[in-house]
Each structure stands twice: as structure tokens, then as C-alpha cells.
Amino acid sequence: MQTEGVSIVFVNYKTPDLLHHAIRSLVAFTKGVAYEIIVVDNCSQDNSQAYITEAFPFVKWINNSYNAGFARGNNAGVRAASYNYVLIINSDTLLQDDAVSFCYNKFKQLEKECRIGLLGCQIKSFEGAVLPSVHSTYKNITALLQKNPLWIKIFGASRPVAYTAEWYATSHFAEHLSGAFLMFNKQQLSTASLWLDEDFFLYYEDVEWCVRLNRLGFKQYYFADTHILHKDSGSSKSSERKNFQILISELLFVFKTYNALYYHAYVLLWLCNLWLDNWLEQRKQKHSAAIEERKHTMYLLRHYSKVVATSFKKETSKSGKMLVYDK
């Protein structure tokens, strides 16, 4: 395996135009490091392969026989990587400078100073706004309690964590980073148990990855001296499906991150919050779409919380299944 370079992994699902722009920007700006580009296609069944490989014949193309999601798709690319250093990057991104080289050099510097796991950079929208791609905490019961109507009545409403402009403009270690751009050393994260958890289909797999690596003694670093542009949900056409996939992925994240008692308490508190919100709204003699949506959310929580607890394991990528929202 080569060491002095970066294997850049894209997962594609029916986004040939976005992928084309992403690769074109990467080729245009990446000058300071050797690299290869690997595209893992999740059974797009369109012209993606022909379109991309004709424009960029050097791309290493891998076809999955089904829509394997984010984690499995990226892991397939990681397995095919020729370089030790691997960059996972979304197909709906654009470079505006030599972010790959800058991050590669910073990563190698950090390796001399600490046990670095993942490195991410600043992420902006296509309109230039800084996106929330780095966080100091993650989902827990405390956050749910602060949304509980009785808690709010007794203790008052809590302000959500608000990150300042300085937070996003300053490089620092953090709890978790966005999966839209993550660099790591495959030689250090040398087994599949240290890669993305393939039980996740979409969403929260990057959070769980960071939490798991944190607990194993690896540090995650946010590098603010460079950035990429990100078109959020470039491959997601239905906002409803996306929201419900996020919901069940959150359940899987909590299940894998905490013990069984905590998991069940989390689900019960979430259900309680939704029920109280509906009860209070109905007392005001309101009947809105929000009430019906909460009822459906409660149904999904009851159903999928059982699916997660009975069909999945806490170990990374051990269940042989994948949690996909089925309407």
C-alpha cells in the first residue's frame, strides 16, 4: 500500500451531474498531493458510470448491486484505497482551494502530536453560509428533557447550544464532525471495526463513528483554515423520507452509544414529549397537521425502537442488516 497520497472516496446514487462538478473541482484545485479518485455507485441504474468515466477515465469505479447507503458505500471505497490516507467526501460538494492537500499536511502534522482519528474542514453552503459541521455534544436524554413541556414549565425553556462565528472560524478538537468531508489514516484505523458502522443506512453514522473513536482514544479535529461547499441532501428527493430516516437512525445511534436502560428511557421520554405536545395542543381545541405528524412519529418510534433493540447489535457492522426507513 502506498503512503504518500490520498485516496478520495465518493459514494454516488443517481447524482451524475453533482458528482461531475465535484470531481472537476477536485481535479482543478488539488495540486499539492498525489491522489486517486474512487467512486462507489449504489446501483444508480442511470448513466452515471459512462458519464463520469468518459470525462475522468482515471476514476476507479465500483458498482454495488443494491443501494448500500452511506456507510457501506464508503467502506467499499476504503477497502479499495491504494493510499494509507483516505478522504471520504460527498458527491454534492465543491472545492474552492486545495483543501485536500491542506488537510493532508495538517493531518500528518497532528499525527506527530496526538492520536488523531478523523479530520474535517469548514463546510459552507453553495451560497457561502457556514454550515454546522462540527459539534461539542451529541444526542442525549438531557437534550430531550429540555424539550419536555413539564420540564419547561418548571425550569423554563433552555437555550439550544449556539456556536459562535469564532467557533467555526477556529481550528480545534471536537466531539464529532460532518461526514461530508472526513480524512483518516487507514493504517491507524486498520480494521473494519474502526470504520463506519454498516448497520446505518443514512444519517448519524458519522456521529456514531466519532463517538466510538473518541472512546477508543482517537481525537477528532476540525480544521478551519480551508473549506468546501456542500449542497445539503443533494441525493435526497423526499424531505419526509429524509426526516423519518433521520429519526430511526437516531434510535440506532442511541442504542449503540448507550446501555439498554438508557436507550429505553430515551425512547419513553421521546414518546412522552410528543404525547404531551399533542395533549396541550388539543386542549386548545386545535387539530392541526402537526398533531397528525406527531402521531405518526410516535408510531414510528414504537415500531422501530423494537426493531433496533431486537434486530441489531451494539458491535460495529455485526448485525448483517441495515436500518432503512420503510414507508
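I call angles under 35 degrees roughly parallel, over 145 roughly antiparallel, 65 to 115 roughly perpendicular and the rest oblique. The model is predicted: local features need pLDDT of at least 70, side-chain atom pairs count only at pLDDT 80 or more, and totals for chains, interfaces and linings use all residues. Residues are numbered from 1 along each chain as its sequence is written, and side-chain values use heavy atoms, leaving out hydrogens and water.

Helices first. I looked up helix 9 (residues 239-257) and helix 11 (residues 289-311): their axes come within 10 Å and cross at roughly 40 degrees. Helix 9 and helix 11 are therefore oblique to each other. I noted which residues touch (contact means heavy atoms within 4.5 Å). Helix 9 brings residues including Phe244, Leu247 and Phe255, and helix 11 brings residues including His296, Leu300 and Tyr304.

Rings next. I count a pair when ring centres of Phe, Tyr or Trp (its six-membered ring) lie within 6.5 Å; planes under 30 degrees apart are stacked, over 60 edge-to-face and the rest tilted. The structure holds 15 aromatic pairs. One of them joins phenylalanine 56 and phenylalanine 58, edge-to-face, at 6.1 Å centre to centre and 65 degrees between the planes. For burial, I take under 20% relative accessible area as buried, over 50% as exposed and in between as partly exposed (1.4 Å probe, protein chains only). Phenylalanine 56 is buried at 8%. Phenylalanine 58 is partly exposed at 47%.

Last, I found a cluster: ring pairs link Tyr85, Tyr104 and Phe107.

Key:
Axes are lines fitted to C-alpha atoms, for helices over the stretch in contact, and angles run from 0 to 180 degrees between N-to-C directions. Helices (H or I, at least four residues) and strands (E, at least two) are DSSP runs, numbered from the N terminus.
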